[in-house]
Amino acid sequence: MVLISLGTAIVMFHISVGKDVRNTEKSSSMSDMTDSYSPVNVFKDKNGFFGLKDSGGTIILEPEWTELEPFDKNFFKAKLITRSGPLYGVIDLNGNITVPFVYNEVKKISENIYAASLNDTEEYLFYSKDFTLLLPTSADNYYIIGTDLCIMKGEDKFTYEQDDELSLIKAEIPRFKRPITLNITIEDKTILSIINSSQLSDLGDKTITFLDMLRRNKTVGLSDITDSEALTDIISTVKTEHDWKGKLSDNTYVYSAASENNNELRIYIETELIIQNQESNIENIPLILGFRKDEEGQWLICEASFG
């Protein structure tokens, strides 16, 4: 949906933005902002539109923006008035659109990162200092802790270490489905360079679906989240391990990664279930779910083991 919105906005922008060249007058307040970046100056014409001049007064970008603010010597935040209201994007010195005009706001939040809030969904996307998109998914909200960027997607929280790029260092993925509460925190940093935040959320969802099937001793739909080669064994596991009371222990559930002999990467989620044993005593039983990618790149459960 984000990609569709971006594409539509770019098309609408090129349709609606033809403007006549206008006579100009210097805007001292805006040019002062650019002096510290480069000899390029923002100016305003008699109709109130902004463009760019070089230090010699030659127009290098015609005045066609209702706002134009320098981010650095090469990029400028620009504002357009459209039928749906004001929209912000980013242009370069040549007027090329580097960030499409689909945002309520674009602002610098750290030395290397800019945050942009989508006009239609109010979600956030994040750009590098050269205005390339940093993350494959949007965020509902974000905040900075020290030098780390934390983004929220629903109940999920992902923490990124800031450098020239963002590096995922922690993911917390709570899942609430009565009577199941699953809270997964990544401790094995090996996994963080392998899968992104949306894939981690997907693994959390599939884990919860599996646990709910296990609690109810139901296997309908299990094939949707299970590797076809492992389906028979996992169906057998679900049908035999049906004494689970639907509760989890208070332990932390950790993602870990391992490479098998055939170099096939697997991700493991470990938790503990509270199960009534044959003597009617309650005990905590470790459960490990293994995931691997199928041919389409989807993570599916390939093993489930107890104890």
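Turned away from the buried side of helix 4 is a face that carries the exposed residues Thr232, Asp233 and Thr240; here buried means under 20% relative accessible area, exposed over 50% and partly exposed in between, with a 1.4 Å probe and protein chains only. The model is a predicted one, in which local features need pLDDT of at least 70 and side-chain atom pairs count only at pLDDT 80 or more, while totals for chains, interfaces and linings use all residues. Residues are numbered from 1 along each chain as its sequence is written, and side-chain values use heavy atoms, with hydrogens and water left out.

Helix 4 itself spans residues 231-240, and its residues Ile234, Thr237 and Val238 are buried. These three cover an arc of only 95 degrees around the axis, which puts them on the same side of helix 4; the arc is that of the directions from the helix axis to the C-beta atoms. The buried residues of helix 4 pack against helix 3 (197-216) and strand 20 (299-306), where contact means heavy atoms within 4.5 Å. Helices (H or I, at least four residues) and strands (E, at least two) are DSSP runs, numbered from the N terminus.

Helix 3 leads on to a sheet. This helix lies across strand 13, strand 14 and strand 15, and runs at about 25 degrees to strand 14. For such angles, axes are lines fitted to C-alpha atoms, for helices over the stretch in contact, and the values run from 0 to 180 degrees between N-to-C directions. Ser201 is found in helix 3 and is buried, with a relative accessible area of 11%. Leaving aside neighbours within four places in sequence, Ser201 is in contact with Asp156, Phe158, Ile173 and Arg175. Arg175 is 26 residues from Ser201 along the chain, and their C-alpha atoms are separated by 9.4 Å.

The sheet in question is open and has 5 strands in the order 11-12-13-14-15, with antiparallel pairing; two strands pair if DSSP finds at least two bridges between them. Strand 11 (141-145) and strand 15 (180-185) stand at the edges with a single partner strand each, so one side of each is left without a neighbour in the sheet. From one strand to the next, the twist averages 15 degrees. Within this sheet, strand 13 (residues 156-162) and strand 14 (residues 166-177) pair in the antiparallel sense over 6 bridges. Gln162 has Leu166 in strand 14 as its bridge partner.

Strand 6 (residues 75-82) is mostly covered, since 6 of its 8 residues are buried. It is joined by 4 bridges to strand 5 (residues 67-70), and the two run antiparallel, with Glu67 opposite Lys79 in strand 6. Strand 5 and strand 6 form a hairpin with 4 residues between them. Strand 6 is also joined to strand 7 (residues 85-92), again antiparallel, by 8 bridges. In this pair, Ile81 stands opposite Pro86 in strand 7, and a hairpin of 2 residues joins strand 6 to strand 7.

Some totals complete the picture. The protein chain has 4 helices and 20 strands, and buried residues make up 45% of its 307 residues. Among contacts between residues at least 6 apart in sequence, 37% join residues at least 24 apart.
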